[in-house]
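Please follow the strands of the structure shown below, sheet by sheet.

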Amino acid sequence: QVQLVESGGGLVQAGGSLRLSCTSSGPTFSAHTMGWFRQAPGEERVVVAAIDGSGENTFYTEAVKGRFTISRDNAKNMVYLQMSDLKPEDTAVYFCTADRWKSDLGANQFTSWGQGTQVTVSS
């Protein structure tokens with residue numbers, strides 16, 4: 001299993017920006033599709049964004065499209081989530097995740113999870 005550690009969460013005013021980072025262990029980072037999920041208080045965990053192994057293809061949920069950007073640096077075993085124009089409804093614990101074995105998007109099975117990082121957006 002892949003070991004994942006998120007960082008970069010914090011408190012920000014509405015309209016502000018944050019960049020989340022995720023460090024992945026293991027020698028096969030580029031072979032895994034990576035993603036970001038979030039879970040708001042009292043809500044189910046939902047997908048935010050995903051990126052394939054090459055970094056050439058991405059997916060975003062409609063709620064964040066145009067505001068968030070997912071990227072990766074395979075040489076550093078890192079994946080990022082740049083969040084701009086943050087809204088109070090973006091408040092959640094954000095989780096980094098890795099697919100079990102796929103390197104492309106679609107029908108992903110995310111089985112490795114980080115511990116999460118809290119993002120709080122004030123109005």
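In what order do the four strands of the open sheet run, and is their pairing parallel or antiparallel? This is a predicted model, in which local features need pLDDT of at least 70, side-chain atom pairs count only at pLDDT 80 or more, and totals for chains, interfaces and linings use all residues. Residues are numbered from 1 along each chain as its sequence is written, and side-chain values use heavy atoms, with hydrogens and water left out.

The order is β1-β3-β8-β7, and the pairing is antiparallel. Strands (E, at least two residues) are DSSP runs numbered from the N terminus, and two of them pair if DSSP finds at least two bridges between them. At the edges lie β1 (4-7) and β7 (68-73), each of which pairs on one side only. Neighbouring strands of this sheet are turned by 15° against each other on average, direction ignored; the axes are lines fitted to C-alpha atoms, and angles run from 0 to 180 degrees between N-to-C directions. Within the sheet, β3 (residues 18-24) and β8 (residues 78-83) are antiparallel and joined by six bridges. Here R19 stands opposite Q82 of β8.

Now turn to β9. This strand (residues 92-99) is largely enclosed by the rest of the structure, because seven of its eight residues are buried, that is, under 20% relative accessible area with a 1.4 Å probe and protein chains only. Strand β4 (residues 34-39) runs antiparallel to β9 and is joined to it by six bridges, with R38 opposite Y94. Strand β11 (residues 117-122) also pairs with β9 in the antiparallel sense, over three bridges; A92 has V119 as its bridge partner there. Three bridges join β9 to the antiparallel strand β10 (residues 110-113), where T97 stands opposite W113.

Conventions:
Buried means under 20% relative accessible area, exposed over 50%, partly exposed in between (1.4 Å probe, protein chains only).
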